[in-house]
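Try each task before reading its solution.

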Amino acid sequence: MLALVLATPARAQTKLDVAYTQFKLANGLTVILHEDHSVPLVTVNMWYHVGSARERPGRTGFAHLFEHLMFMGSGHVKPGEFDSWLEAAGGDNNGSTQTDRTNYWINVPSNALELALFLESDRMGHLLDSMTPKTVDAQRDVVKNERRQSVENQPYGIAQVVLNEMLYPEGHPYHWPVIGYMPDLTAASYEDVVAFFEKFYAPSNASLVVAGDIDSAAARRLVEKWFSDVKAAPPPEPMGIPAAVLTGVKTRTVGDKVQLPRLYLAWLTPRHFAPGDATLDVVADVLAGGKNARLYKRLVYDMQIAQDVSAFQASAGLSSSFVVIATARPGHTAAELQKVIDEEIKKLQSELPTAHELERSLNQIESSFYNRIERVGGFGGKGDQLNAYYTETGDPDWFNEDLARYRALSVSDIRAAAEEFLPLDKRVELTIEPEKKP
Amino acid sequence: MLRAKCWVLGALLVAAFAGVTLVAQQPDRSHPPPVGPPPPLNLPAIQKQKLSNGLPVWVVELHEVPVAQVNLVIFSGSAAEPGRKFGVASLTAAMLEQGAGSRSALEIADAVDYLGADLSASGSWDLSALRLHVPVARLADALPIMADVALRPTFPKEELERQRQQRLTSLLQGRDDPATIAAVAFARVLFGVEHRYGTPISGSAETLKAFTTDDLRAFYASAYRPENAALLVVGDVKPGMALPMLEKNFGAWKASAAPAAPVKFPAVEQPTTRSVYLVDKPGAPQSQIRIGWIGVPRSTPDYFPILVLNTILGGSFSSRLNMNLREQHGYSYGASSSFDMRAAAGPFVAAAGVQTDKTAESLKEFFNELTGILQTMPADELSRAKNYVALRYPSSFETTGDISRRLEDALVYHLPDDYFSKYVQNIQAVTAADVQRVAQKYIAPGKFAVVVVGDLKTIEPGIQALNLGPTKKLSVDEVFGPKP
């Protein structure tokens, strides 16, 4: 490492205080309120605790297709009115689907809070009142185009799909892509929609955050007014955590319409918040976080045989994966990159990283906690994070506990995690190569 | 704008059930609840100061989170590049961090990362900027590094070679991506090879290969000058604390040479007839479509009516293009339009990726909407669009980064002092007649350039049958120039 004369900056050590109140409606809906009056906006953020992991083979992509249907109107909202009413009030909205959850948010000026709660509650309580097979067909076409745009017509877009198929065995809920397979999207039916809604969209399987420029007592009354009549139903049976083990090296090469080879190395790693998960975030930083990180410095800066390199712990509820991705420069191969990557992983497995490397990563992680609380609404805003922490830990304000996971780490933890979780002989090796011209 | 992103990063499922069934009183769902008067937005005060060398400093206090955003804005970007040195502005910006003062590229990156800071240098059409985001506790440690990078770059030769290879490889990769090909082709057919706007900000392989460190030094000396710059500070700071730090780091900055003569763009003509440009991407499951012509400069007096017009046409989820191509027909994941307003007139573009077997049908629907927008605007659509633009305005003042970007615009485009405070009333003042007038002035479906990147053997017959106008095929080399 570089010999730098730089005083150790005082760790900010400020407590991240995101005050909230929490209550539960009789129908089982958990509600979390958070006040932030910096701008006159509120966010209504709903998480349903279901994602693609709950799908069955033959109906992959269904949780995400269902998410699209949630914007198509409900018992008291005609098709198109969800968006047009919100836009007329200066609002924005969106949703997203992952393996373990589906989230929805509405951002509105604070005067339109009740409109947002009305819309959110109407689709929770009355979605099926207006659902027709035609609605399903319309969004099926949109979702197929989403898949074309993000997978087939996207350079290297197929890699994520293949990677999960290689990491997880057939039948494991992370084996298939969130976006789904085309034939399964074709097969999805109106009857599937009814069954999925009844099984997974009960208030007891959801949590609602209302955050921003609100008065907590008034917001509570409005939530009770609009959500209390939503019918109760039991939540789905908890999922077992199915086994996924790599017992050796799995290697594949797939052609794509690209000019440069790209290498993906992936391991199965501890699930989100399990011991080792935070450590692997720091391992990723030591390997590829910034110009001085080991892989970047060697592959991109010194040897100049890679265009880019990244490493990350992709944390998820049932199992995580640790992924290293590197793109070869013209004239270089994925095998050359792999050789260097393996050298660096082996080195990290056998020698302690420097205190400076650890400190650099921790300082960046700590800053990211501040940056994440600048915005209230939308994806990754405070409302979304309160819901994420509640969903995963039961405690909406888990910011300090989360940060404490990192502050507790030592250099020997980093080395040990690299050794335990990144064995070179138990992993997935995927190369995307330029397609051979016919 | 697009709905429904997916992908990795999951969340743990913890469902607790309090199995109580209770039928509550039913709220009245027969009408949406009324929306009260919009809340006032108390715009943060801009405290305008100067350093001893005349460098303007604008400070906005925002005390919710202990972070600070400090931007050094240079009022020269890609549009200020002299003599076809396309790409020198963004390359100069990128090179600032590759060696400065006594530090090497690696040392700069290490020092910044170690502070948990983010420092980035970039160039766009009308400005270059060095932007620092840092926990406020480390601001005093980060500013000297930022000042070195801004004021004392060393432009090492070997770092230029690194940046050159990075950029040439990026250009090569751009040729893989149909959306990138479409965007580059669209600018090229509108503005040509001579006009700066006809080539991407990063330049072409030809220009990139020719740059020397002298080119970088020359652009730096002509553009990076205290009288051509300003500092913005937004965050958990007080002027009394920030100003002495900025004075210490930037107060002695003096220009090293004479300013550059202003660059004059070659004249560029609007298309007079509609033309179609096709780029082949064999086997592509979608076609990337770009339709439009040269729009307006940021200084247009029609700014507010154009914002409303574009919101209705393709600037919101409920816009006509998106409702037609996505929601009604399902041809696309999303369709949109935009006016890219720069110091000079940038492009107006309507865009979508559409499924290959519906390419001709999609083009027909694009032109239906581009023609339909010239008609009288229904009152409810107009008021929805105006509210959408005006009432969500507070969201552009939420974070330190948001506010700093608003201030950059105000500085670079010389917006009036009351610009932010009058924004909402300026939007609300737009009438149906205004929107129709600007639509008829700036939307000319009979003269637009149409670029389609897709599987020509499948889509060409259908496109030809539409008889949109003369058709030309472009190779990827004609779009990007020779392969790097």
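**Exercise 1.** At roughly what angle do the axes of helix α9 (residues 277–288) of chain A and helix α15 (residues 411–421) of chain A cross?

Solution. This is a predicted model, in which local features need pLDDT of at least 70 and side-chain atom pairs count only at pLDDT 80 or more, while totals for chains, interfaces and linings use all residues. Residues are numbered from 1 along each chain as its sequence is written, and chains are lettered from A and ligands numbered from 1 in the order in which they are written.

Step 1. Helices (H or I, at least four residues) and strands (E, at least two) are DSSP runs, numbered from the N terminus. Axes are lines fitted to C-alpha atoms, for helices over the stretch in contact, and angles run from 0 to 180 degrees between N-to-C directions.

Step 2. The two axes come within 9 Å and cross at roughly 95°. Angles of 65 to 115 degrees count as roughly perpendicular, under 35 as roughly parallel, over 145 as roughly antiparallel and the rest as oblique. α9(A) and α15(A) are therefore roughly perpendicular to each other.

Step 3. Residues are in contact if their C-beta atoms, placed from the backbone, lie within 7 Å. α9(A) contributes Thr279(A), Leu280(A), Val282(A), Val283(A) and Val286(A), and α15(A) contributes Asp413(A), Ile414(A), Ala417(A), Ala418(A) and Phe421(A).

**Exercise 2.** Which strands are the edge strands of the 6-stranded open sheet of chain B?

Solution. Step 1. The strand order is β11-β12-β10-β13-β9-β14 (chain B), with mixed pairing. Strands pair if DSSP finds at least two bridges between them.

Step 1. β11 (332–341) and β14 (471–474) of chain B each pair on one side only, and are the edge strands.

Step 2. β11(B) pairs with β12 (residues 345–355) of chain B in the antiparallel sense over 7 bridges. Ser336(B) has Ala351(B) in β12(B) as its bridge partner.

Definitions and conventions. Two residues are in contact if their C-beta atoms, placed from the backbone, lie within 7 Å.
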